[in-house]
Amino acid sequence: MSATVKSGEAVGPGAGKTRATGARRVRAIRTKGGLSVRLDVRATAVGLLLLAVALAAAVALIGSGDYPMTPAEVLAALTGGGDAGQQYIVHDLRLPRVLVGLLVGVAFGVSGAVFQTVSRNPLGSPDVLGFAQGSSVGALAAIVYFQADAFGVAAGAVAGGVGTGLAIFLLAWKRGIHGYRFVLVGIGASAMLYAMVLFLMTKANIVEATRATTWMTGSLNGRDWDQVQPLAAVCAVLVPLLLFFGRPLRMLEMGDDAASALGVRVDRVRVVVLLAAVVLVAAATAAAGPISFVALTAPQLARRLTLPRRLRGGGGSAPMPGPNLVLSGLMGAVLLVAADWASQRLFGADQLPVGVLTGVLGGGYLLWLLATERKAGRV
Amino acid sequence: MTPRRRPLLRSAGLVVSVAVLAVIVVLGIAVGAKQIPLDQVWHGVFHYSGSDTDVVIRDVRFPRTLLGLLVGAALGLAGTVMQGLTRNPLADPGVLGINAGASAAVVTAVSFFGVTSLTGYVWFAFAGAAVVNVAVYVLGGTRGATPVRLALAGTALTAVLIGYINAVNLMDTAALDKMRFWTVGSLASATLPTVTAIAPFLAVGGVLALLIARPLNAIALGDDQARALGARLTRTRVLAMLAVTLLCGGATAACGPIVYVGLMVPHAVRAVTGPDMRWILPYSAVLSPVLLLGADVLGRVVARPGELQVGIVTAVLGGPVFIYLVRRRRMAQL
């Protein structure tokens, strides 16, 4: 990497607009070998900031609990220092929980961005469509009918989530897959699946019902390495795959016609990214339960952080710089780990599952989003 | 079909619908864990003598069927009014989150305020239904609000409210034990006091809904046309929202949130009557209880000797209808 050339302004969708505001700085980095990469200065800065916040929140989360540790002690223990007790607490008890939180956050953030882009609606996130309910049906069936252990519940959740995804796919398929139809079929399925969840709840005894409610709220309590490894494997495969499709997704936001004119195979891209996102959501849900609204809010917040003030707001009509999957993923990780830390601080260790906090905060954010989107005529 | 014959057909259809409803009502009393012969049904309702069969009829089946009748009509009318008001084919008290709003309010009442009687928490249900109703209307009343966006907004609101209900239940295990049967939507716990407590609210809401049929017809043409035709828009909207609040809040307080009844019936009815609200509303009021009681009877038959809650049956029946409506080509039009 040698020369850094300032290439003027952004190229691509919304370029004229960004030039008018003058707030976006895009640089092209070129190497001697002829490779070049566009670098959005603001997005990169925001990304690095989010990464730092996520890691800081992770360290804070590891340090909090019945045996509080200072950040310095946590870092020492992570790098092999500290006494045996601290080593045990960090490596065996708290690190897996934090890793699950980070990975689930990334998975929800990335898949939420994909869903919102494909549906071209800020509300079209997997927790609004039937996926959370589908996973819940699977998990509850495992709890109620098979008295399953944690692994069985996770398997049920994956089966339920992926099965729901496939069913919605097939039902929404009509000479290709269309974003709106996918969303609406998802809504129809979610009410049906929620009825099945309620049915299973009435079949359960009170112990199972409490366990099921905790699971459905979404919690990071008591996560160990068994949950980290499969989730990490799924993320390692699917997140890069989705990032690879970032460019066609950005084209898709301009509408099907424009995207196909620019050489995007619209239907194929949609099928691949939706399937990948469905599996990602199912895996994350299996690890931590359907933690609500992370997938809805993370892409929105990431987008607002990277847009100049005048262009803020989601929806179909505004000029947008496209989904930023990396930032959405990082934002998801920040949100989830910070929410878990905050819920431990506010309510005491392991009193309330993190899903309660994300639900309340996400609900408030959703109402605000509905209000502003309405004002802009986009809902 | 000539226009002249149509009123005749519609009147005849209404008579047939009432006959179907009568059959379903009798079935609702006769079918269940204990089958009751038809002559016994008559005897139990009109010549109560205190035999075992009469007790089953008087204390269990009769109130249950009566409640199903009222709640079904309420949900059907509410759905019809909402579809007319928002000019949205996917409007339904369940899909747009109004029933969930009422449930969340009831759960709040039970868990935080210790309210346990229906007459106590019905007011909370009205408040919850009213808040969500206004929110949905504000969202849906915007120019350019598409069915997709309204449905998404309603579903997202429902997700928030369900999350809240789960959180409350999680903190209060006693409430969970009580509420997990109520939140399903069931007629099983109906008693005559429940019916008499809820009937006045539903009756007022129903009358209101039927009275605004004409202005709703005008609203179907769009705001400007409606104003030109002399409809009073604000008054109609306020009355419509009041009616929906009374109907949905009352129905939800009595038997929990039930989805899709208000969605399915008006669409089926519209195929027969055409777009005239003055016919759609009475038809919906008659045929929605047919659906609800039918679902209730079905739930008792398929899971005998236990039963499936009616809310589950309507959701499972209604989901495919919703998806069919979505897959139709002209989904956006009402």
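Figure 1. Chain B has 14 helices and 0 strands. Read from the N terminus, its elements run α-α-α-α-α-α-α-α-α-α-α-α-α-α. Every close-up that follows comes from this predicted model.

**Figure 2. Overall dimensions of chain B.** The C-alpha atoms of chain B fill a box of roughly 60 × 55 × 35 Å. The box is taken along the principal axes. Chain B has 334 residues, and a compact globule with that number would have a radius of gyration near 20 Å. The value for chain B is 20 Å, so chain B agrees with the globule rule.

**Figure 3. Burial and contacts within chain B.** Of the 334 residues in chain B, 55% are buried. A residue is called buried here if 20 or more other C-beta atoms lie within 10 Å of its own. How far apart in sequence are the residues that contacts join in chain B? Among contacts between residues at least 6 apart in sequence, 76% join residues at least 24 apart.

**Figure 4. The contact between chain A and chain B.** Chain A gives 39 residues to the contact, and chain B gives 42 residues. On the side of chain A that touches chain B, the elements giving two or more residues are helix H7 (179–203), helix H8 (206–217) and helix H15 (354–375). Which element of chain A gives the largest share of this side? H7(A) does, with 16 residues.

**Figure 5. Residue classes on the chain A side of the contact.** The side of chain A that touches chain B has 22 nonpolar residues. Another 13 are polar and 4 are charged.

Conventions: Residues numbered from 1 in each chain as written. Chains lettered and ligands numbered in written order. Predicted model: local features only at pLDDT ≥ 70, side-chain atom pairs only at ≥ 80, totals over all residues. Contact = placed C-beta atoms within 7 Å. Helix = DSSP H or I, 4+ residues; strand = E, 2+ residues; numbered from the N terminus. Nonpolar A, V, L, I, M, F, W, Y, C, P; charged D, E, K, R; others polar. Rg over C-alpha atoms; globule rule 2.2 N^0.38 Å. Buried ≥ 20, exposed ≤ 12 C-beta atoms within 10 Å, placed from the backbone.
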